[in-house]
Amino acid sequence: MSSLLPPLTQTEMTDVRALNARFQSWLHHSALPLWSSKGPDHEYGGFFETIGLNGEPCLDNKRVRVTARQIYCFAMAAQMNWAGDVTPLMTHGWAFLNGIGARGDGSIKHILAREGAIVNAGPDLYDQAFVLLAHAECLRISGDEQHIDKARYLLGWIRSHLAHSEAGFYDHPDNSHTLRSNPHMHLLESALAWISLDPDGPWWELAEEIVGLCRRRFVRPSDGVLQEFFNADWSSRSDDQALIEPGHHYEWAWLLMRWQAAGGAPCDDIYRRFYNIGEDYGFCTRRHVAVDVLTNDLNWLDGQARLWPQTERLKASLALAFLSNGQERKVFTSKALESALALWGYLEGLLPGLWRDKMHKDGQFVTEPAPASTFYHIICALAELDRFVKSH
């Protein structure tokens, strides 16, 4: 392994196939070996929250959902034919989620100190969504039908403890004042993963409920913007929490295209508007990156650009390219290449396998440890990129 990740060649900067080959090499030979060896906490269980730029784990508190996301990553690695053995990694992760990370009622805790002391017991809806997703991808590679029973049970728990009277769910049993669209996005992602695996299960109903809620409540009627925060009756917020996230516009667009492809009700009017809002208001043409946050009137909040919105722009652009023909396909493929090049900038010049998380408005990166949670975004985007290249 070289000491620093080298820059792209001119060919890789202009050819999506060549760039994909470099990404796949980085994933298989750098990122997965690093995070599989340094990521697990073999002393206290689960996975470390961050790895420093020196390649060593940081001994921080743990968000329990990060372990669910890492299980997902290694299950995806197996589907992408990584040569490493994912079974002990997933077993290690599930031991944590079913042990010290479990609340005892079928859900998982929120935040723990490294040694296991409870910092925040939860439960949090967002966290549970990633357990559902981890179960789905583990079933996909293992065939172990225990994942079906456990996922159905967890969804039943969510409906029993967090269901809203109209539709959707609260974040927490004790918080009936604020509702959010973001956890529902990940529930939709989990439902879509489960539909083909458990066709007789409750997943289609869940996906249909969330897509309907998105159309009725999440979309701002005046301009089609995706809203993030709501009052307890699902009415829109107009206070300081009424912020807009371009990355979620891209992410929802990708999911809604998947929903429609699975046979769901047409929603191209929503996902194309979401994508265009990201492009028109949330994309920096100077740095070629999607920014993090907009104000309620669609102005940049501070211009910071985290890594994860770049992966979501990549996925949405690829999905639109799949749906397009002729010149339109070339346009979306070009946007996907632009997003992939931006993503590479967050990796370049570091110990291979690590990434930067935040870019300032001036284009400079924050020097800080690499967050494990970002691996979920990266590996999903690279799987989509590889699928696109292999299909053309």
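**Exercise 1. In which crossing, left-handed or right-handed, does H3 pass H13?**

The structure is a predicted model, in which local features need pLDDT of at least 70, side-chain atom pairs count only at pLDDT 80 or more, and totals for chains, interfaces and linings use all residues. Residues are numbered from 1 along each chain as its sequence is written, and side-chain values use heavy atoms, with hydrogens and water left out.

*Step 1.* Locate the elements: helix H3 covers residues 64-79 and helix H13 covers residues 374-390. Helices (H or I, at least four residues) and strands (E, at least two) are DSSP runs, numbered from the N terminus.

*Step 2.* The axes of H3 and H13 come within 9 Å and cross at roughly 25°. Axes are lines fitted to C-alpha atoms, for helices over the stretch in contact, and angles run from 0 to 180 degrees between N-to-C directions.

*Step 3.* Classify the angle. H3 and H13 are therefore roughly parallel to each other (angles under 35 degrees count as roughly parallel).

*Step 4.* Assign the hand. H3 passes H13 in a left-handed crossing, where left-handed means that the near helix is turned anticlockwise from the far one by less than a right angle.

*Step 5.* Identify the contact (heavy atoms within 4.5 Å). Arg 69, Gln 70, Tyr 72, Cys 73, Met 76 and Ala 77 of H3 meet residues of H13 including Phe 375, Ile 379 and Ala 383. This contact of H3 with H13 has 9 nonpolar, 2 polar and 1 charged residues. Ala, Val, Leu, Ile, Met, Phe, Trp, Tyr, Cys and Pro count as nonpolar, Asp, Glu, Lys and Arg as charged, and the others, Gly among them, as polar.

**Exercise 2. Describe the packing of H2 on H13.**

*Step 1.* Helix H2 (residues 16-38) and H13 pack at an angle of about 145°, with their axes 10 Å apart.

*Step 2.* The crossing of H2 and H13 is left-handed. Among the residues making the contact are Phe 23, Trp 26 and Trp 35 of H2, and Phe 375, Leu 382 and Asp 386 of H13.

*Step 3.* By class, the contact of H2 with H13 comprises 13 nonpolar, 2 polar and 2 charged residues.

**Exercise 3. Which element gives the most to the lining of the largest pocket?**

*Step 1.* The largest pocket holds about 730 Å³ of space. On a 1 Å grid over the protein atoms alone, a pocket is an open set of points where a 1.4 Å probe fits, with protein on both sides within 12 Å along at least five of seven lines; lining residues have an atom within 4 Å of a point. Grid points are joined across faces, edges and corners, and a volume is the space filled by probe spheres set on the points.

*Step 2.* Of the 26 lining residues, Met 76, Trp 254, Arg 258, Glu 384 and Arg 387 lie nearest the centre of the largest pocket.

*Step 3.* H13 gives the most to this lining, with 6 residues. The lining of the largest pocket divides into 15 nonpolar, 3 polar and 8 charged residues.

**Exercise 4. Characterise the backbone at Pro 123.**

*Step 1.* Pro 123 is placed in the loop between strand S5 (118-120) and H5.

*Step 2.* The peptide bond from Gly 122 to Pro 123 is cis, with omega near 5°.

Terms used. Angles under 35 degrees count as roughly parallel, over 145 as roughly antiparallel, 65 to 115 as roughly perpendicular and the rest as oblique.
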